[in-house]
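Work through the two exercises below with the sequence and coordinates open. Each task is followed by a solution in steps.

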Amino acid sequence: MPHHPVPLTEVPSSAALLLSLSQFLQGTRYSGTLQSLLTRRPNMEQDSPEAVFTAILDAMRSNNDRDSLTGLLNTAALEERLISALAFAGRHGSKVVLLTIGILDFRDLRDSLGRKKGDWLLQWLAQQLRAVVRKEDFLARDQNDFILGMVVSKVEDVAHIVGKLKEIFSRPVPNLTESITVSLMIGASIFPNDGNNVDDLLIKSQTAMRRSPGNCQYQFFSDEMQRGAKDRMQMVQEMRDGLERGEFAVYYQPKIDLLTGTILGFEALVRWIHPEKGMVSPAIFIPLAEESGLILPLGLFVLKTACTQLKLWHNMGYMHLHMAVNMASQQLQDDSIVRAVEEILANTKLFPDRLELEITESSAMVDIDKTIQLLASLRQRGIQIAVDDFGTGYSSLSYLKRFPITTLKVDQSFVRDLPGDMDSLEIVNAIIAMGRSLGFKTVAEGVETFEQEAVLRTAGCHAVQGFLYSKPIPAQDITPLLGKSYR
Ligand code: C2E
Ligand code: MG
Ligand code: MG
């Protein structure tokens, strides 16, 4: 019988190849390699079998750098990379932050879950960590702890990562029959403040971690040098907790119609009523909230609270009242704001034209085209747009005309020196005249005297807001003022 070469079995599909390789590698020191490759390239099945094979081979070859369970860097590789990171940071005047992240009571947890689930938990944690770090950061596993190395320009950048971790780890671990939430301990050391060699920094970061109470609360190793940054970060953390605990409140400041002398609406101003420090000024915490990204949930809270409150006043018969809410620039970079606003309006059943969003010139300038587009879609829905602190930025007429705005708020720095200061007087007159000619409503902020009010009235300003009429106060103190005349 002639001997025909039998074709080798067909080249397997990529999916089949992956399946058989994962069975083959199971239990070997390469099982983590494959797993981490799959998390990095979840659609690998769609690559050609050759590409899959090459990728796996490459990953196995670089396995010497990797921890087999999680696919993260191992400690030897971490140390090597940190040495060059420290050298780089030293040359560029940047900082390196080393976070040691551990699970509170992990040993007990593993004893109760069993080793297999314990390992799985570490793998899951590694995956979550990998998802929040930037690709230029180093992430390594050191036994039951994780080490994250980051080159940063300012220490506060860390707050952002920790914020994201806190969000992820507040939810129970998925896919476990037991319902557990992991409590993370986080310790931080900083180059060059805490040391200038890798060993020193690693030890200090671990020491700091042991002092962390868990629950994603971070602990710095360092001393006075970091106090400023540390205080700020701790404040961000306190704010985050405070938001959950309901420590934030919205106060309202009336705006008075200069023609009728009655309240035409309010500006919502957020307040932090800190359990120990008392009332903290937004001038202090808003910049921090912006820096840490907390402004998004905080801004949403203000928006919801203010709209709900306005609806209550509408229901009492004061249908004409409107509400102005301040928007931070980050909120304007986030497309989801349009949907969020729509949803709040739908839930509260408010007319969209009773809501006014206040933006500042500088926040509108962050990404002009994007902002214009976003404001336009809010305008289309009937929402009013005010430019806050007008006159302090760089707005020119031509620039203003591009923005779909409805209201100009004359900054209080011009109002303050009225009527004596001629420069202020001219600026205020010009802003109001210009605003009127463009069809905007004009509101003057920071009105404290009747003389100021008189000048503004003569200039043709539509509305005024200031301590002369009322400070920002809680809603229950506003209610008795609703029918009041301020003439
Ligand atoms: P703003 O939006 O320009 O608010 C006006 C500020 O002037 C308020 O300060 C108000 O209390 C104060 N003010 C009102 N009338 C007078 C007056 O007659 N004299 C003087 N001297 N001051 C007056 P506040 O409440 O401390 O807020 C400061 C800034 O913090 C606000 O300036 C706004 O930029 C920001 N902010 C407040 N709440 C929020 C918020 O919910 N979200 C955002 N993104 N920013 C907010
Ligand atoms: Mg404002
Ligand atoms: Mg203002």
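Donors are N, O and S atoms within 2.8 Å of the metal, and water is not among the atoms, so sites may look incomplete. The model is a predicted one.

**Exercise 1.** Determine which residues coordinate the magnesium ion (ligand 3), and where Asp389 and Glu445 lie in the chain.

*Solution.* 
1. Along the chain, the donors follow the spacing D-D-x55-E.
2. Asp388 also bridges to the magnesium ion (ligand 2), and the two ions lie 4.0 Å apart.
3. Asp389 belongs to strand β11 (residues 384–390), while Glu445 sits in the loop between β13 (441–444) and α19 (450–459), so this pair ties together parts 56 residues apart in sequence.
4. Buried means under 20% relative accessible area. Glu445, at 6%, is therefore buried. Asp389 has 26% and is partly exposed.

**Exercise 2.** Describe how helix α6 (residues 115–132) packs with helix α7 (residues 157–169).

*Solution.* 
1. Two packed helices are described by the angle between their axes and the distance between the axes.
2. The axes of α6 and α7 come within 10 Å and cross at roughly 140°. This angle makes α6 oblique to α7.
3. The crossing of α6 past α7 is right-handed.
4. On α6, the contact residues are Trp124, Leu125, Gln128, Leu129 and Val132; they meet Ile161, Lys164, Leu165, Ile168 and Phe169 of α7.
5. Sorted by class, this α6–α7 contact has eight nonpolar residues, one polar and one charged.

Notes. Residues are numbered from 1 along each chain as its sequence is written. Chains are lettered from A and ligands numbered from 1 in the order in which they are written. This is a predicted model: local features need pLDDT of at least 70, side-chain atom pairs count only at pLDDT 80 or more; totals for chains, interfaces and linings use all residues. Side-chain values use heavy atoms; hydrogens and water are left out. Axes are lines fitted to C-alpha atoms, for helices over the stretch in contact, and angles run from 0 to 180 degrees between N-to-C directions. Helices (H or I, at least four residues) and strands (E, at least two) are DSSP runs, numbered from the N terminus. Angles under 35 degrees count as roughly parallel, over 145 as roughly antiparallel, 65 to 115 as roughly perpendicular and the rest as oblique. A crossing is left-handed if the near helix is turned anticlockwise from the far one by less than a right angle, and right-handed if clockwise. Contact means heavy atoms within 4.5 Å. Ala, Val, Leu, Ile, Met, Phe, Trp, Tyr, Cys and Pro count as nonpolar, Asp, Glu, Lys and Arg as charged, and the others, Gly among them, as polar. Donors are N, O and S atoms within 2.8 Å of the metal (3.2 Å for Na, K and Ca); water is not among the atoms, so sites may look incomplete. Buried means under 20% relative accessible area, exposed over 50%, partly exposed in between (1.4 Å probe, protein chains only).
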